[in-house]
Amino acid sequence: MEEIIEGKAFILGNNIDTDQIIPAQHLVYNLDDPEERKNFGRFCLSSVPPELSGLPNGHIPFIEDGECASEYQIIIAGGNFGCGSSREHAPVALNMAGVKAVVAESYARIFFRNAVNGGYLVPFETPQRLIDHIATGDRLRIDLQAGTLTNLDNGQTFSLSPLGDVAEILKAGDVFAYARTAGLY
Amino acid sequence: MGMTMTEKILAAHAGREKVAPGQNIWVNVDVLMTHDVCGPGTFGIFKKQFGPDAKVWDPEKIVLIPDHYIFTTDPHANRNLEILRTIAKEQNLKYFYDAHSPAYKGVCHVALPQEGHTRPGEILIGTDSHTCTAGAFGEFATGVGNTDAALVLGTGKIWLKVPPTMRFIFDGPPPPYLMAKDLILHIIGEIGVDGATYRAMEFAGDGVLALKVEERMTLCNMAIEAGGKNGIIEPDDITLAYVKKRTDKPFTVVKNDEDASYYSERVFKSADIQPTVARPHSPENRATARELAGTKITHAYIGSCTGGKITDMQAAARVLLGRKTAVPTFVVPATMEVARAMEHEKVDGATLKQVFESAGAQIAPPSCAACLGGPPDTFGRLNGREICISTTNRNFPGRMGSKESQVFLASPYTVAASAVRGRITDPREFL
Ligand code: SF4
């Protein structure tokens with residue numbers, strides 16, 4: 001887990017479900033093949049309705065046509081991010097697209113677990129609804145130690161909720177590394 | 001202070017006297033289920049972590065059920081079926097219900113109980129969010145991703161945060177025009193799609209115990225649509241009769257302690273609930289069928305783990321008997337067992353299959369089919385700007401195919417009634 005995460009913001013609304021993150025027709029690619037795995041990045045967030053893609057104005061593609069990585073590394077979202085199916089392809093897709101952190105008001109449980117246990121990205125929660133304060137394209141810095149998110153474009157700083165118990169897993173790298181330190185195997 | 005069913009099951013599997021909500025614990029898993037969409041990735045991670053020659057912790061506790069993308073020419077989807085075959089052989093897995101073979105079953109959450117893999121008091125982990133369906137048998141059942149499942153494959157263990165329990169009590173048996181789908185859509189409308197996040201949802205009361213096993217499964221199935229970690233129903237004679245018919249493995253019935261404490265308790269009078277519909281694009285957009293009456297539809301779909309069980313087919317057939325569908329109507333039995341039953345179960349002298357066919361509906365072999373969209377050649381998929389009414393569980397943008405389409409979720413009664421009229425219809429008009 002990096003101490004400082006910097007990148008451009010992509011803003012989404014509430015209830016971004018895993019079908020919007022990676023539509024079911026794309027679940028067929030081989031996760032173990034590095035080339036094929038890039039497809040998960042390529043179709044990441046492709047089912048978000050256009051008017052809600054990249055708020056406040058929408059109509060911003062998360063990924064340019066034909067690309068596999070996004071120019072946005074930090075997703076800022078409303079409540080219940082990652083609801084729906086248990087597909088781990090969802091955090092994998094965000095990871096393949098280059099997303100390092102999601103900052104949401106709240107998460108659906110399975111997505112949160114998958115993000116943490118697979119070590120794909122850091123799922124931060126905020127007490128405040130940030131999507132009304134940050135715009136797509138703003139440059140952000142997350143400081144893990146300080147527990148803050150700063151908008152580098154205007155200097156505004158917001159606090160992040162502590163990661164709690166899952167910080168241990170994120171620090172270890174993934175749940176396997178964590179389970180080994182816990183003496184599980 | 002006592003414990004809830006969920007807490008007791010988790011404590012027993014963690015080797016502890018007591019657990020409390022919020023605690024993180026490692027528990028032993030009784031059954032791990034995976035399918036064609038997540039199985040290959042899960043075994044991929046397993047091999048990477050435990051070595052190319054690693055063996056799973058217990059080849060008799062893993063159930064492999066291909067069900068999502070079965071009847072498609074998509075080469076990647078078919079390759080995934082191949083990968084499952086290789087894995088099953090190499091790992092010597094006892095329970096592999098291979099596609100395109102006599103062992104094929106269909107949708108995992110309906111196949112699991114039919115094949116005797118759901119037992120009271122156990123822990124079932126599945127790489128599918130609707131694994132919570134099996135809570136209808138009084139066990140702890142929840143969905144996880146590939147990484148968690150890969151750790152289970154290697155160790156038989158998983159870490160879980162003990163959830164507090166929200167109780168939903170239904171007073172009085174539901175009136176004859178209501179189905180479990182109406183009850184659960186009502187609840188989700190009440191608490192929202194994140195109303196039960198990180199919590200167990202227990203369904204109780206004489207209204208729930210009046211339901212058949214399949215209907216109870218519908219309640220637990222959609223716990224995930226409210227964000228619930230698991231759904232659960234206390235086992236009774238109906239549960240035990242079903243389970244014992246399908247397995248001779250011993251199990252322990254676990255019930256709530258008298259003095260268990262709950263996060264919340266809500267009581268509904270079953271008779272007050274109306275045939276309920278969830279409008280696009282969220283299961284929490286609740287309306288009654290009456291409020292939406294007249295809304296034009298272009299497509300009707302009856303299938304999935306939520307609405308493709310035998311009781312769902314019986315209900316739809318009751319409405320369709322002697323009537324014609326006004327819009328393309330797609331019927332997908334969840335499993336082979338349901339498909340076979342449709343050929344001999346009758347309403348008014350006609351088999352369910354005959355009723356659907358005379359009504360002009362198309363029937364496909366069991367699988368998840370268009371419930372999750374899938375490859376473009378999937379049966380019943382929404383490919384344009386359709387307006388669909390469906391017995392499935394999710395109406396997110398693009399869930400059943402095209403993101404230009406709209407999906408209304410409803411009970412098999414309501415879907416069948418709407419298919420006949422070509423617009424959303426309260427099933428009481430036909431029942
Ligand atoms: S029928 Fe639908 S909800 Fe059920 S397991 Fe299949 S895809 Fe998932």
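Visitor: How many bridges join strand E3 of chain B to E4(B)?

Guide: Before the count, please keep in mind that this is a predicted model. Strand E3, residues 62-64 of chain B, is joined to E4(B) by two bridges, and the two strands run parallel. As an example of how the residues line up, B:Val63 has B:Tyr95 in E4(B) as its bridge partner.

Visitor: In which order do the strands of that open sheet follow one another?

Guide: Reading across the sheet in chain B, the order of the five strands is E4-E3-E2-E5-E6, with parallel pairing. The sheet is open, and its edge strands in chain B are E4 (95-96) and E6 (140-143), each of which pairs on one side only.

Visitor: Which residues of strand E9 of chain B lie on one side and which on the other?

Guide: The general idea is that side chains in a regular strand alternate between the two faces of the sheet. In E9(B), B:Ala200, B:Glu202 and B:Ala204 are on one side while B:Met201 and B:Phe203 are on the other, and both faces are covered, with all of these residues buried. Since five of the five residues of strand E9 (residues 200-204) of chain B are buried, the strand is largely enclosed by the rest of the structure. As for its pairing, strand E8 (residues 165-171) of chain B is joined to E9(B) by five bridges, the two running parallel, and B:Phe168 stands opposite B:Phe203.

Visitor: Is helix H8 of chain B largely enclosed or exposed, and why?

Guide: Here the reasoning rests on the cut-off for a buried residue, which is a relative accessible area under 20%. Nine of the nine residues of helix H8 (residues 213-221) of chain B are buried, so the helix is largely enclosed by the rest of the structure.

Visitor: Where do B:Glu82 and B:Arg85 lie, and how many residues apart are they?

Guide: The general idea is that an α-helix has 3.6 residues a turn, so residues three or four places apart point the same way. Both B:Glu82 and B:Arg85 belong to helix H3 (residues 75-90) of chain B, where they are three residues apart, about one turn of the helix. They form a salt bridge in which the closest N and O atoms are 2.8 Å apart. B:Glu82, at 42% relative accessibility, counts as partly exposed, and B:Arg85, at 24%, also counts as partly exposed.

Visitor: Which residue forms a salt bridge with B:Asp426?

Guide: The partner is B:Arg428, with the closest N and O atoms 2.9 Å apart. B:Asp426 is buried, at a relative accessible area of 3%, whereas B:Arg428 counts as partly exposed at 21% relative accessibility. Over all chains, the structure holds 29 salt bridges.

Visitor: Why does the pair of B:Arg399 and A:Asp19 join two chains?

Guide: One looks at where each partner sits: B:Arg399 lies in the loop between strand E19 (387-390) and strand E20 (406-409) of chain B, and A:Asp19 lies in helix H1 of chain A, so the pair joins two chains. Their side chains meet in a salt bridge at 3.1 Å, N to O. B:Arg399 is buried, with a relative accessible area of 5%, and A:Asp19 is buried as well, with 2%. The two residues are also linked with A:Arg87 in a network of salt bridges.

Visitor: How many residues does the contact take from chain A and from chain B?

Guide: Chain A gives 46 residues to the contact and chain B gives 51 residues. Between them the two chains bury about 3,900 Å², of which 56% is on carbon and sulfur atoms. On the side of chain A, the residues that lose the most area to chain B are A:Arg109, A:Arg113 and A:Phe176, together 19% of what that side buries.

Visitor: How many salt bridges does the rule find across the interface of chain A and chain B?

Guide: The rule finds three salt bridges across this interface, including one in which the side chains of A:Arg113 and B:Asp148 meet at 2.7 Å, N to O. The largest share of the side of chain A that touches chain B comes from H4(A), with six residues.

Note on methods. Residues are numbered from 1 along each chain as its sequence is written. Chains are lettered from A and ligands numbered from 1 in the order in which they are written. This is a predicted model: local features need pLDDT of at least 70, side-chain atom pairs count only at pLDDT 80 or more; totals for chains, interfaces and linings use all residues. Side-chain values use heavy atoms; hydrogens and water are left out. Two strands pair if DSSP finds at least two bridges between them. Helices (H or I, at least four residues) and strands (E, at least two) are DSSP runs, numbered from the N terminus. Contact means heavy atoms within 4.5 Å. Buried area is the accessible area (1.4 Å probe) that two parts lose on being put together, summed over both. A salt bridge is a side-chain nitrogen of Lys or Arg within 4 Å of a carboxyl oxygen of Asp or Glu. Buried means under 20% relative accessible area, exposed over 50%, partly exposed in between (1.4 Å probe, protein chains only).
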